[in-house]
Amino acid sequence: MRVPIRIIGIATSAFWIFLIIFSASAIYSMKDFQISLGQPQTSTTEDHELLFSFPVSVINTGLYEIADFNISRNFLDEEGSAVAGGSISIPVIGQGQTINVTQNVKLNVTDLLQTHQSLLNNDTDLTTNTRISMLTAGVIPVQASSNSSMPWGAPLYNLALGTPQLAMFNATYSMATISLSFENHAFFDLTGAVWLRAYSNANELIGQGQTSIQVAQHSPYDRNLEVYVPSGAGPIVRLEVYFVTTFFNYGQEIAAHGG
Amino acid sequence: MVAEENHIKGRIRKNVLKVVKAAVKATIVIVIYTILIQFLAPVSSMIPGLQQMIQTFTIVYVVLMIISDLASGTLFQHVFNAAKALFVIVYLVFFLNAGIFEYTFGSLSLTVDLRLFLVVAMLLGLLGLAKSVLQAINYVGERAEPVLV
């Protein structure tokens, strides 16, 4: 009985030594693994989606290779629901290997603004959830996740319509001049058309005007729009403004004062 | 008289050998612990509690090992060996949170899945426990043999 017991003892000790050395070296190896996530570059796609390109650099100078490396990134709204996301996988990162990749996240602005109209007028921060997972030393799953914020610039920040200024145009029509102003704080240029509809006290459409707009990102817009209304139609009490742009369609009702 | 003196000398020599053996084994474990702590120093600064966990584990393990060595030649040696094996299993399960190690550094949360490591360590612990039980059975058996003969 002594021999089998001794063999069990030797085998157990050998396995313990292997396990301790392997675990310690795997943990130690993690200090030589570096991930750097760069600042995103923003561009637009042909489908009128915003494309965020995040540069990712992975350096493995540790003792073991890293397998199943994955980075996933989600943009979350105020309620924590994902509005856009993307992920990138690298099957194996060998010892001493440096890998530079770009992770792309597409954001469908049309869908986002349809469900979150407040983003049209208000600058805010979108929460970005980044999740990194990998297999260290081929067998130990490690996962890290982090939340950060990314500024969102409203395309129609401070949208305002001025008081209609009526001037006699001819015997039957008057010309109402209405100032339209906003600031495009968005990552994209705003190109499209603006429609303006004027309503009377009886809630009847009495005139409408349209103009094309082209507002570069981070630029203000301040122009006068002209609407022709019948002279006897009474004052303009309500205005509706519609934006038809490459990224979104949006309408807003604004009470008119004066005119 | 001479035989009695020799018997006393023999017992003293036996006990001194036990103490020396226990001291040597404890020194080896402490040296391994010191090397391991230095090896893991860069990681220990990132994972608070790791050094404390290894330290507590080593202290209890060394104490049980010394007691077990001092009690060698008796049934208690095997009892303490079994206690040592059980301690390893319970301590690992308790401190490794059933194999899922989670830590949060500010906005970053880190999860390390050590279930495979834990399973292997528990199997080795169980093997150590089985060895101690077999040793105890063997010890009792060897003691009983002369009586039967």
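In this predicted model, the largest nonpolar core comprises 45 residues, among which Leu107(A) and Leu114(B) have the most contacts inside the core. Because domain 1 (33-152) and domain 2 (157-255) of chain A both contribute residues to this core, it lies between them. With neighbours within four places in sequence left aside, the contacts of Leu107(A) are Glu49(A), Leu50(A), Phe52(A), Phe75(A), Ala84(A) and Leu112(A). In soluble globular proteins, nonpolar side chains tend to be buried together.

The contact between the two chains draws 25 residues from chain A and 24 residues from chain B. On the side of chain B that touches chain A, the elements giving two or more residues are the helices α1 (2-39), α2 (41-44) and α5 (115-148), together with strand β2 (108-113). Of these elements, α5(B) supplies the largest share of that side, namely eleven residues. By residue class, the side of chain B that touches chain A consists of 16 nonpolar, six polar and two charged residues.

Strand pairing also links the two chains: strand β8 of chain A (residues 140-152) is joined to β2(B) by five bridges, and the two strands run antiparallel. Within this pairing, Val142(A) has Val112(B), a residue of β2(B), as its bridge partner.

Terms used:
Residues numbered from 1 in each chain as written. Chains lettered and ligands numbered in written order. Predicted model: local features only at pLDDT ≥ 70, side-chain atom pairs only at ≥ 80, totals over all residues. Core = buried A, V, L, I, M, F, W, Y, C linked by C-beta atoms within 7 Å. Buried ≥ 20, exposed ≤ 12 C-beta atoms within 10 Å, placed from the backbone. Domains from an automatic or database assignment. Contact = placed C-beta atoms within 7 Å. Helix = DSSP H or I, 4+ residues; strand = E, 2+ residues; numbered from the N terminus. Nonpolar A, V, L, I, M, F, W, Y, C, P; charged D, E, K, R; others polar. Pairing = 2+ DSSP bridges.
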